[in-house]
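Dear colleague,

A written account of the findings comes after it.

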Amino acid sequence: MDSAFQFLRTDKGLIALFLIALSVLVYLPVKDYPFISYDNSLYVTENWRVQEGLSWENVKWALVALEAGFWHPVTWLSHMADCQLYGLTPRGHHVTNLVIHAV
């Protein structure tokens, strides 16, 4: 834990904190946005497997799925966890995404 605090006292640490804070500040309004029609239906709003949340069957599916033309199991698992935590309320999905990208 001490090494983490030492890092934050360096120039690199301060720059990292500044960039995280700036990202959160700029993108925080996303919490009030709805799902968009670009690809949210494919990934969340019309995907029954994702909406079911995390289960062994869904995790196995996520590890082999080529839906949307890509192999991206972490994306599927993240969306499943969001649905399990927040249902189909966009705010939770967007805030989780903001935190992941800021970090």
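The model is predicted, so local features need pLDDT of at least 70 and side-chain atom pairs count only at pLDDT 80 or more, while totals for chains, interfaces and linings use all residues. Residues are numbered from 1 along each chain as its sequence is written, and side-chain values use heavy atoms, with hydrogens and water left out.

Salt bridges

A search of the whole structure gives three salt bridges (a side-chain nitrogen of Lys or Arg within 4 Å of a carboxyl oxygen of Asp or Glu). In one of them, Lys60 pairs with Glu57, with the closest N and O atoms 3.0 Å apart. Lys60 and Glu57 are three residues apart in helix H5 (residues 56-64), and therefore separated by about one helical turn. Helices here (H or I, at least four residues) are DSSP runs, as are strands (E, at least two), numbered from the N terminus. Lys60 has 48% relative accessibility and so counts as partly exposed; that class lies between buried, under 20% relative accessible area, and exposed, over 50% (1.4 Å probe, protein chains only).

Asp32 forms a salt bridge with Lys31, where the closest N and O atoms are 2.9 Å apart. Asp32 is partly exposed because its relative accessibility is 46%, and Lys31 is partly exposed at 26%. Asp32 is also bridged by Arg91, the closest N and O atoms being 2.7 Å apart. That pair links distant parts of the chain: Arg91 is in helix H7 (residues 90-102), whereas Asp32 is in the loop between helix H2 (11-27) and helix H3 (40-45), 59 residues apart. Arg91 has a relative accessible area of 43% and is therefore partly exposed.

Helix H6 and its surroundings

Helix H6 (residues 73-86) has 14 residues. From first C-alpha to last, H6 reaches 20 Å, close to the expected 20 Å at 1.5 Å a residue; the expected span is 1.5 Å times one less than the number of residues. Pro73, Trp76, His79, Met80, Asp82 and Cys83 are buried in H6. The buried residues of H6 pack against H3, helix H4 (48-51), H5 and H7, contact meaning heavy atoms within 4.5 Å. After H6 comes Gly87, whose phi is positive, near 65°.

Gln84 also lies in helix H6. Not counting residues up to four places away in sequence, Gln84 touches Gly53 and Leu54.

Asn58 lies in helix H5 and counts as buried because its relative accessibility is 1%. Apart from residues up to four places away in sequence, Asn58 touches Arg49, Glu52, Gly53 and Met80.

The loop between H5 and H6 holds Ala68. Phi of Ala68 is near 65°, a positive value in a residue other than glycine. With 28% relative accessibility, Ala68 is partly exposed. His72 is in the loop between H5 and H6 too, and is buried, its relative accessible area being 16%. Its neighbours within four places in sequence left aside, His72 is in contact with Tyr43 and Glu67.

The largest pocket

The largest pocket has about 480 Å³ of space. On a 1 Å grid over the protein atoms alone, a pocket is an open set of points where a 1.4 Å probe fits, with protein on both sides within 12 Å along at least five of seven lines, and lining residues have an atom within 4 Å of a point. The volume is the space filled by probe spheres set on the points, which are joined across faces, edges and corners.

The pocket is lined by 21 residues, of which His79, His93, His94, Asn97 and His101 lie nearest its centre. H3, H6 and H7 each supply at least two residues of this lining, and the largest share, seven residues, comes from H7. The lining divides into ten nonpolar, nine polar and two charged residues. Ala, Val, Leu, Ile, Met, Phe, Trp, Tyr, Cys and Pro count as nonpolar, Asp, Glu, Lys and Arg as charged, and the others, Gly among them, as polar.

With kind regards
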